[in-house]
Amino acid sequence: MSPREVYVYKGFERFWHWTQALLILFLALTGFEIHGSFSFLGFEQAVRYHRVAAIVLMVLIVFAAFWHLTTDEWRQYLPTLTNLRAQAEYYLVGVFRGAPHPTRKTVLSKLNPLQKLVYLQLKLLVIPVVVVSGVLYLVYRYPARGGMTGLSVDGLETIAVVHTAGAFLLVAFLIAHVYLITTGTTLTSNLRAMITGYEELHDDVAAPVSTPPPAPASPATANAPAR
Amino acid sequence: MRKIVLVLVLLSLAVVVAVGSFRSRATDATPLDILKATYARKRAAPADHAKFEILQRPFTAPQEVTMACLSCHTERGHEVMASSHWNWSRQEYMPGRGIRTIGKKNVLNNFCIGVAGNLTGCDKCHAGFGYVDQAFDFTNASNIDCLACHDNSGTYERTGGGVPAPAVNLNLVAQKVGRPQRSNCGTCHFFGGGGNNVKHGDLEQAMFEPSRDLDVHMASDGANLQCVDCHRAPNHQMLGKVYSVSSMNRDRSTCEQCHGNAPHPDALLNEHTVKVACQTCHIPAYARANATKMTWDWSTAGRLRDGKPYEEHDAQGNITYASIKGTFTWATNVTPEYIWFNGTATHYLLGDQVDADRPVPMNTLFGDHDDPDARIIPVKVHRAVQPYDPGTKLVYQPKLVGTVAGDGAYWKQFDWNEAAREGMKVAGLPYSGRHGFVPTEMTWPVNHQVAPKAQSLQCNQCHTRTNSRLAGVQGVYLPGRDRNSTVDALGALALWAVGLGVVVHGLARAVSTRTRRTA
């Protein structure tokens, strides 16, 4: 089974991924400026653009959710215990010894068990927390007076603190994510796949294999298996 | 798939452009444009008083002018006699103290302290003739001074004893009466406390003909508003009051009476108006033309040179020391202090015992974040050291202005004990015979000298961790100023941990790969 170019990431998927990446990066930059961590655009512009980017991101999330539901891609994030331990051990030990990836990547199962777990938490916990607190921040109103209506909350503190905590988690994820994409077949193979959509995969087995893969065809590929 | 994405992108672009171009057309008049046009209209006087026969007969006493006025304006006398300009007091409710009759007549301040016993020095600014002592008849309408406020000739002047200066031509002035001008109001309100801009900090002689930079509303080269355009006076009851003597949230003159609650095109800025007063952002500094008095130390008063009182001045001509008053400091272009204010206040009232260990608040402005009526306002805080009786623990009313030799007036005799005894006798309160000084503070809301839009505060002057204008304002989470230190510490720790992990893991990978290659 020699590796072959497989179309893994669809057009919308890549569009969604990169737009979301840029938006989150921009939101982190403007958000932490609003938080007072540094000065970049100036508070006024930071607030203005942070709000615009937030709305764009939410529209994108709606489209992405629709795409995931209609294409059944949401199943990619269903968590599994299979190979979870092996995957953790790979990152802690195997990767330094040139051991093969314990999980085989296929079109129907693009994510390893650790990714499934982390991405699911991102989608069900961190992003909802940041989005919901962000929406509250956006529509936040003091007890309605002077003809201004909307949500009545007694203070920004809880909203702001939760939003900030979520932002820290997102940035932490971003750092780890950017690093971990270098652990593919080659340093840039994952990056290339997310840009072009194509990646060299070994086969098209639907489910992750729980038993070690068959012996590789050549020693060269044994040291650089698909992840 | 690519085509669909392209179509989607183009469609959303088109929507954005369409929404943007339909938003607000530059040709629509904004509320501000309408206001400007309204106030640019010149008002024609409804009557030419020079044509009135009754004003042409020669006046020998100012009271005759008043009676002439009242012969046509028959009910106006009652209105004036019901006003604070006449009574120098009114019924006020003070939170925590109840209803009292208070006003300039009996409330102390930390400038020249109070009027009791000193009326001959203060009556120049009473809207009547001859309020020189407590015997003044507040029910006699002929003693109303109509001209002080309504002279449009610019020649009317008052002198000691609360009467027109001898040089004033009463006929000329009476024939040229009209709506009060800045010159009428400013004659008293710009010089409170015994000199230009001593008290308010935002009301001073530069406001007679201010530049647009100093005051966008009253600028003589701009909108040229008069005081009474905002401080309307239906039935001679002025809107607007100063919290040095007032206590209640009523009859206020506000920015909103013209500008409304949502004056900005930006909704986010309008949201601020719920908790932040217009003045906070739009008066970035007060005393922007001439200096205002910031501190007054009465304890150094009484030094004489060759047995005579003297004065010292700074380079700008401000009095820094006067034998009769003590030591002053002045400042220009002052950054206000900021407080929550709900429109109610209380005052030090004669007879209140004080704790001399900390500054005595001569007035206290109420409000906090949770109060739906409270907003953040800019204030001038005037700090003083003023006479105090440690025996009775009272801030006392000294007699300062003398009329006859040996009447105990401090400004003649420089004896605090005499001044205290005589002053408190008028106030009807005891003096223990022990004399001292106490630090005091007085809070003056800053409402005038609204700056051009370009000079108003920028977001980051409050929303910043360092040197925030609102550093002292508590009870509110201010993005950019505030943070939760635990969340920030944990967050920073997480980022450092992940970053360090990435670096260590990456280095280990690089080293192990190289080792395997060379092996």
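User: Which helices each supply at least two residues of the lining of the second largest pocket?
Analyst: From chain A, H1 (11-34), H3 (84-97), H4 (113-139), H5 (157-180) and H6 (189-196). Helices here are DSSP runs of H or I, at least four residues, and strands are runs of E, at least two, numbered from the N terminus. This is a predicted model: local features need pLDDT of at least 70, side-chain atom pairs 80 or more, while totals for chains, interfaces and linings use all residues. Residues are numbered from 1 along each chain, chains are lettered from A, and side-chain values leave out hydrogens and water.
User: Switching to H2 of chain A. Why does its end-to-end distance agree with its length?
Analyst: Helix H2 (residues 43-71) has 29 residues, so at 1.5 Å a residue it should span 42 Å. The expected span is 1.5 Å times one less than the number of residues. The end C-alpha atoms are 41 Å apart, which agrees.
User: What do its buried residues pack against?
Analyst: H1, H4 and H5 of chain A, together with helix H12 (267-272) of chain B. Buried means under 20% relative accessible area (1.4 Å probe, protein chains only). Among the buried residues of H2(A) are A:Phe43, A:His50 and A:Trp67.
User: And what comes just after H2(A)?
Analyst: A:Asp72, with a positive phi of about 65°.
User: How many helices and strands in chain B?
Analyst: 16 helices and 15 strands. Of its 519 residues, 43% count as buried.

How values were computed: Buried means under 20% relative accessible area, exposed over 50%, partly exposed in between (1.4 Å probe, protein chains only). Contact means heavy atoms within 4.5 Å.
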